[in-house]
Amino acid sequence: MKLLATGLLVIMAAIFAVSFALQGRYPWLEYVRAASEGGMVGALADWFAVTALFRHPLGLKVPHTAIIPTRKNEIGESLGDFVEQNFLSETVVRDKLASVGVSRVVGNWLTKPGNARRLTNELSAGLTGAMAFLSDDDIRGVIEGLARTHLVGRDWSPQLGVLTSKIVESGQHHQAVDLLLDKAEEWMLANPDSFGDAVSKRLPTWLPSFVDRVVDDRVSREALKFVQAVQADPNHRLRLALDDYLRKLAGELQHDPVMRARVEGVKEQLLDDPRIRELAATAWQSIKDALLAALADPDSGLRQTIEQTIVDAGERLTTDVALAQKVDTWVEGAATHLVASYRHDIAAVISETVQGWDGEETSLKIELQVGKDLQFIRINGTVVGSLAGVAIFTVAQALVSLAS
């Protein structure tokens, strides 16, 4: 395109030279000379204008030339301000999101099985990568630290006392007592001999064997009758005694230093350091292995659940008008908040990026991007200059003729 525009200038110069030399012999060539002269002027003027944008014409540092490389930073700042004011305004963002209908678009996209599966694959890959990135030692340390803070480092007694008190006052422990009594009755009915053997073995060996059987049978029946009596009577003395014991225990757990010390001692024995470390290591490794296996298997229950959840969420967004409106409102509010808070920082990326560019390289890139249009400016300048030149010459000749 540069060659074409420059070629037209050379052609105009050649026409001008020929017509200027022969216009005395052929008067009509004066019009050709005027047209070619105007064409040269237009071509040179537009060449200077186009070149001045990107470099100094002919290397001459004429003022207000090489505009892009010398004023690159100002152009970047102006571009950033333009984007900030016209594209990152709250009104523009809100109107655009409202016209798009984010919930509807996202919902329709999610309901397609292929998209849901694709998103599930991406989530699985991301979680797998996160698992590989995380250090096992660090995770075990976090779990151990949480265990130390929330299990070892905290006094359980007051909370256990309050919990026990609430359970007793609400009567929720009666269900547990009933369950234990039912299980005891089932076991005693199913294993009468085992219960009897436990009693007769403690009798003197010199007693006759029939006495052992009588004692075993009597003790077994009495124990069963006792359990059944407790089952049948909500106000049985055993139940009342258990309630009194639990109330007393709840109070001691909250206020008795001796009981609290005993609980802390039991807790420390159960949760000593080696066990905590082993628990942390086992818990993390089990969780990690289970997750990795489930994420790697396309047919695993976890991935199928994730995929179905995504599809269900998409269907909800497309069918539930109230939910869709809530989501759209939330997205618009979040987007406008981000724009209002960070639009200057976002626009600054443009100006800072432009400032980091090399001036000459920037000028060359822009020139290459719009090069054809720039050269068409030169071509149009040549044509318009030619027309203007011949028009001006014609008007001048007409005025001379009228004057004479």
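View 1. Phe82 is partly exposed, with a relative accessible area of 45%, where buried means under 20%, exposed over 50% and partly exposed in between (1.4 Å probe, protein chains only). This is a predicted model, in which local features need pLDDT of at least 70 and side-chain atom pairs count only at pLDDT 80 or more, while totals for chains, interfaces and linings use all residues. Residues are numbered from 1 along each chain as its sequence is written, and side-chain values use heavy atoms, with hydrogens and water left out.

**View 2. The pair formed by Tyr31 and Phe393.** Rings of Phe, Tyr and Trp (its six-membered ring) pair if their centres lie within 6.5 Å, and planes under 30 degrees apart count as stacked, over 60 as edge-to-face and the rest as tilted; by this rule there are three aromatic pairs. In one of them, the rings of Tyr31 and Phe393 have centres 5.1 Å apart and planes at 85 degrees, so the pair is edge-to-face. Tyr31 is partly exposed at 34% relative accessible area, whereas Phe393 is buried at 15%. Phe82 and Phe87 also form an edge-to-face aromatic pair, with 5.9 Å from centre to centre and 65 degrees between the planes.

View 3. Arg239 lies in helix α13 (residues 237-255), helices being DSSP runs of H or I with at least four residues, numbered from the N terminus. With a relative accessibility of 9%, Arg239 counts as buried. Leaving aside neighbours within four places in sequence, Arg239 is in contact (heavy atoms within 4.5 Å) with residues including His174, Asp178, Val230 and Asp233.

Definitions and conventions
Helices (H or I, at least four residues) and strands (E, at least two) are DSSP runs, numbered from the N terminus.
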